[in-house]
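I opened this notebook to keep track of what I looked up, entry by entry. The entries begin with a pocket and then turn to strands.

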Amino acid sequence: MRLSLGALRALAVTSALAAARALDLGTGQSARLAGCTGGCDRVNDELKAEVDDGFPSRPGRQSWSDQLMKVVQGGSSSPCSADIVATSYGRYMGFCSRMNTFADELFAAVYRGRSFSLCQSNKDRFIDRIWSPHFKNIANFSMCASPKGFCEHGNSWDTLHVANNFAAKLKWFDHEYLEDFMRFLYPYIFTLAEGTQHLVDQRLESAGLVAGEPYVAIHVRHGDKTSGIHREAEPIEADSYADAARSLLLGRRSGAGAAALRGLLLGQLRAANASVVYVASDDDGAAEAIGAALGGGVRVVQQPRGSGASYQSRGYEADEDLVSLLTDVEALRRARAFVGTASSNVGRLVYLLRPKGSASISLDKGGNWMWRTLQQV
């Protein structure tokens with residue numbers, strides 16, 4: 001039996017709503033959220049109704065800039081009373097996790113057109129120590145200054161959960177719309193300040209990258225972020241290409257998996273008409289192992305290595321540690337082709353900073369860079 005286009009669309013909507021309900025979003029008025037910032041209880045209720053009704057209020061792409069300006073201006077008169085006061089970047093997690101959840105909170109505010117501001121907490125000092133010195137506030141976000149870790153609003157990450165849960169449901173309904181929306185928002189929270197950009201450019205030049213020369217970049221996740229109490233990802237699946245990357249680091253360069261990874265990288269080099277591979281990794285042997293696997297016709301480069309402790313930092317008390325990470329992110333973002341893992345917050349950040357349609361290959365999660373929007377944070 002053949003279905004009409006209208007019937008297929010109706011079926012898609014029905015399936016999306018069923019998936020949303022299966023993920024236990026709930027209906028009607030929500031229970032009060034103990035740690036909700038500003039008016040996020042109201043935003044939570046609105047977003048739940050939005051899912052139940054089939055996402056009828058999705059802002060059109062042409063309105064996103066005006067909607068962003070509206071929510072920023074709405075948070076300027078009384079920043080501590082904004083509907084969403086962003087706090088998720090105050091968690092003691094990796095930097096890229098903090099930035100991704102920062103974007104999630106902004107997404108929820110802009111989608112609903114609700115006022116938005118930043119928690120400028122004197123407790124974690126993320127805004128003062130990390131974001132303001134190294135990034136441009138090009139949207140002119142207002143700040144809620146407070147000695148409390150969560151500003152004036154409890155001791156939970158409810159705005160993060162509200163935003164992430166809603167994005168999970170929207171992804172089922174319109175994957176491309178969600179990706180486009182997030183790509184629109186990321187530059188407003190992740191545009192390097194001029195001084196930091198200069199430092200990053202210097203480090204990339206020292207690594208051996210030449211301006212204008214095409215290259216392929218790979219991010220190899222090999223350290224503590226797949227284990228321990230601050231784990232940010234599950235261990236990489238054994239049946240993925242990423243397992244081959246781990247094998248390469250251990251010196252096992254034979255077998256189908258390792259051959260497939262070599263073939264993948266060499267294929268991307270040919271497609272980019274490039275002969276340079278940039279390696280970003282917390283493993284100090286990654287670049288050497290990958291270079292040996294690819295052979296003498298490929299030049300493998302990396303930025304100068306920091307101390308071992310710097311790759312496990314969560315607080316980023318030293319500017320050097322943060323600039324080193326930002327250098328890797330920038331190298332991965334600029335690459336003609338990027339190979340990484342969707343299970344990594346670094347991978348998701350880089351993917352959403354890169355232009356739509358650029359070659360970005362995830363070695364796990366079935367190649368789905370947006371898999372995190374299907375998870376509880």
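**Entry 1, a pocket.** I looked up the second largest pocket and found it lined by Asp201, Leu204, Glu205, Leu209, Val210, Ala211, Gly212, Glu213, Pro214, Tyr215, Arg334 and Arg336. For this search, a pocket is an open set of points on a 1 Å grid over the protein atoms alone where a 1.4 Å probe fits, with protein on both sides within 12 Å along at least five of seven lines, and lining residues have an atom within 4 Å of a point. I noted a volume of about 290 Å³ for the second largest pocket, a volume being the space filled by probe spheres set on the points. Helix H8 (residues 194–207) gives the most to this lining, with 3 residues. By class I counted 6 nonpolar, 1 polar and 5 charged residues in the lining.

I am reading a predicted model, in which local features need pLDDT of at least 70 and side-chain atom pairs count only at pLDDT 80 or more, while totals for chains, interfaces and linings use all residues. Residues are numbered from 1 along each chain as its sequence is written, and side-chain values use heavy atoms, with hydrogens and water left out.

Two strands count as paired if DSSP finds at least two bridges between them, and strands are DSSP runs (E, at least two residues), as helices are (H or I, at least four).

I then traced 3 strands that form an open sheet in the order E1-E2-E3 with parallel pairing. Its edge strands are E1 (84–86) and E3 (143–146), each of which pairs on one side only. Ala86 stands opposite Leu118 in E2.

I placed Gln120 in strand E2. Gln120 and Met143 are 23 residues apart in sequence and 5.7 Å apart in space, C-alpha to C-alpha.

Terms used: Nonpolar A, V, L, I, M, F, W, Y, C, P; charged D, E, K, R; others polar.
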